[in-house]
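The text then goes from the whole chain to single residues.

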Amino acid sequence: MQPLSQCLETRGPTMRNPEQFDTLIQNATVFNPGEPPRVEDIAIADGRIVARGAGLSTEHAKQVIDASGQWAMPGLYDIHTHYDLELEVAPGLPESLRHGTTTVVIANCSLGLAFGNQRKDGADPIVDCYARVENIPKTVLRQCADKVDWHTPREYLQHLEQLNLGPNVVALYPHSMLRVEVMGFNASISRDPSAAEVSQMQQLLKDGLAMGYAGVSTDALPFHYLANQPNCAKTIPTQFARYAEIKALTDVVREQGALWQATPPKDSVLGTLKTFLLTSGRLHGKPLKTTVVAALDVHNNRKIIRLGRLMARVLNSRWLDGRFYLQALAAPFKTWADGAMTPLAEEIPELRRLNETDLEDRAARQQILANPEFIRAFRAMWLKGKQGFSVAALKRKWRLEDYAFNRELADMTIDVCPYAPWQQQTFAAVFARVAAIKSGTTAAQDEEEARLCREEFFWVGDEADFVLQMLRSFDTDLSWYTVSANRDLRTVRELLMDPLLLPGFNDSGAHLTNMAFYDCNLRALKLAAEGGEADVAYMVKRLTRDAAEVLGVEGGTLDIGARADLILLDPKALAQYDGEARVQRVYREAFQHDQLVNRSDGVVPLVMVGGQIAWQNDAFSAAWGQQKLGTLLYPQHAKAAELASDARQVA
């Protein structure tokens, strides 16, 4: 009989094996990247896939799972998360695992824990950098930072190895923290590095890549500000790096064949092009794998996505020979705001002033909102392009505005409000109602609504006044949402299917009450399914093997011998799934704080990580959270460096 390890393509109806199977999955429609979908069985032993074929014997299987009518595929990848902090309090990462995500990438956008908490000279970089960039309360951040007991990138990887991980983890090397480590916090946000400091950063990065980091992450988005006084008007350290510093670091990444995760400087087309030409193998001798946030169809500026796709085509052309992948979000870009506190508000100076205050500091925001100078500036900002004839009005009409933030009252829906009858109404509807009650043409619904109009909204004359008063009256007790990008799902599908882009940018683990994209891999598969099984197979490849190859790590297949990270998916339940309707606000004990999450119960019947069941029939397994399921995935360049080091030692 042929050894089991050699049974790669056996399709016999009665194949029998003397080896013991830990799990046998029967009759699934298997989507393995590079192969057409087919109905077959999958046998798993010792955490690996050991056989696939039709009619595998159940005689030696410890457990058998009937997957008739279900899809089997490799576990899905989430290439853009900010789970660094959640891993310290809830390493099982339940909000991704339940949707079939079995591998996550951490330390994106230059932020991470590779160097520990870096508390020195009064600075608290984890709190100072994460609080506004990722909209995580300082109380949550401090609890995490207090637990940090490592100081070096190697110690951090060793720490990750000890956690009871749910999904697998891939770690990037965070540039902001690298800058702080070499230059000190204050210097990292106030001056250029010396030549010696750049050289030191290069060496530390080279060492980090050799020990197991998949690449480096930088950031240039104009939304990312510090949360500590007196630095609230400054951006995070990575944004102080000039082109020469970025090139010096990416030269190291290019040499090692690692990955550069970046974001574009939104307000500079030429600066963006110059920076991302670093991906070019034609110009720099060897292509640089580059993944960039993000391919979004921004409603207020329709040219952004066109420029992004054009740039991807040019950079990846044979003339430039780049490896450039814009990350595409598989959902409408729906964001919630707690009062004025929302990531997109950071691009507008007037709203940024409110964001500079701590989430808990309502008194400070009330003082700003009562300031006559601020009121004048806020009104001018809010009404810009909405009145009269001007360049701003034309840009608004033609959807070429400078801001991604949506200032349309009809698009702003109230989710949570201390006055409950206003919930699920738009700002426009409530504004009209307040005006009607004040004029006497409509009666107030109750005494509380009458009081609000009489005592708080009495002075409101236009929509700018109304927004100001909503912020004054309710502050962060008011939660409202809007969709600022990806409104047309046909365009979203087109972006996801574009081979020059890569599904991602879910921001999992960040913005606790501002967004919920934990289920976006499922949404991508649902959109792909509109084109039939061939398109599903293509999307499975994009969410698994393609992601693994860009990261340079093992995984993303159901090949014989592959690590058994796999999921079952119910195609009928997926077809009926409405991700927008399944967002919930839950209280997370791990954070002692609310969080917006997704619930796709019924869509993913099974999630296995390393051959162990993590999620089955809408419940987590007994092993999840109690033992290590996932592992730290090391990229191929790290393994090559290790082998080279071993060879040198032998020599």
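Predicted model: local features only at pLDDT ≥ 70, side-chain atom pairs only at ≥ 80, totals over all residues.

Residues are numbered from 1 along each chain as its sequence is written, and side-chain values use heavy atoms, with hydrogens and water left out.

The chain holds 25 helices and 23 strands. Helices (H or I, at least four residues) and strands (E, at least two) are DSSP runs, numbered from the N terminus. Along the principal axes, the C-alpha atoms fill a box of roughly 90 × 60 × 50 Å. The radius of gyration is 26 Å, which agrees with the value near 26 Å for a compact globule of 651 residues. That radius is taken over C-alpha atoms, and the globule rule is 2.2 Å times the number of residues to the power 0.38.

Of the 651 residues, 60% are buried. Buried means under 20% relative accessible area, exposed means over 50%, and partly exposed lies in between, with a 1.4 Å probe and protein chains only. Among contacts between residues at least 6 apart in sequence, 74% join residues at least 24 apart; contact here means heavy atoms within 4.5 Å.

Now turn to the strands. An open sheet of 3 strands has the order β6-β7-β8, with parallel pairing. Its edge strands, β6 (76–78) and β8 (168–171), each pair on one side only. Two strands pair if DSSP finds at least two bridges between them. Strand β7 (residues 101–106) is joined to β8 by 4 bridges, and V105 stands opposite V170 in β8.

Strand β12 (residues 289–295) has two parallel partners to look at. Strand β11 (residues 259–262) pairs with β12 over 4 bridges, where Q261 has T291 as its bridge partner. Strand β13 (residues 323–328) pairs with β12 over 6 bridges, and V292 stands opposite L326 there. Strand β12 is mostly covered, with 6 of its 7 residues buried.

The peptide bond from V293 to A294 is cis, with omega near -5°, and A294 lies in strand β12. Another cis bond runs from Q229 to P230, with omega near 5°; P230 is in the loop between β10 (215–217) and α9 (243–256).

N486 is not a glycine, yet its phi is positive, about 60°. N486 sits in the loop between β16 (479–485) and α20 (489–497), and it counts as buried because its relative accessibility is 0%. D507, also a residue other than glycine, has a positive phi near 55°. D507 is in the loop between β17 and α21 and is buried, with a relative accessible area of 8%.

N506 is found in the loop between β17 (501–503) and α21 (520–529). Is N506 buried or exposed? N506 is buried, because its relative accessible area is 5%. Leaving aside neighbours within four places in sequence, the residues in contact with N506 are D78, H80, L329, F517, C520 and N521. With D78, the side chain of N506 makes a polar contact of 3.2 Å. A polar contact is a pair of N or O atoms within 3.5 Å; within protein, one must be able to donate a hydrogen and the other to accept it, and residues adjacent in sequence count only if both atoms are side-chain atoms.
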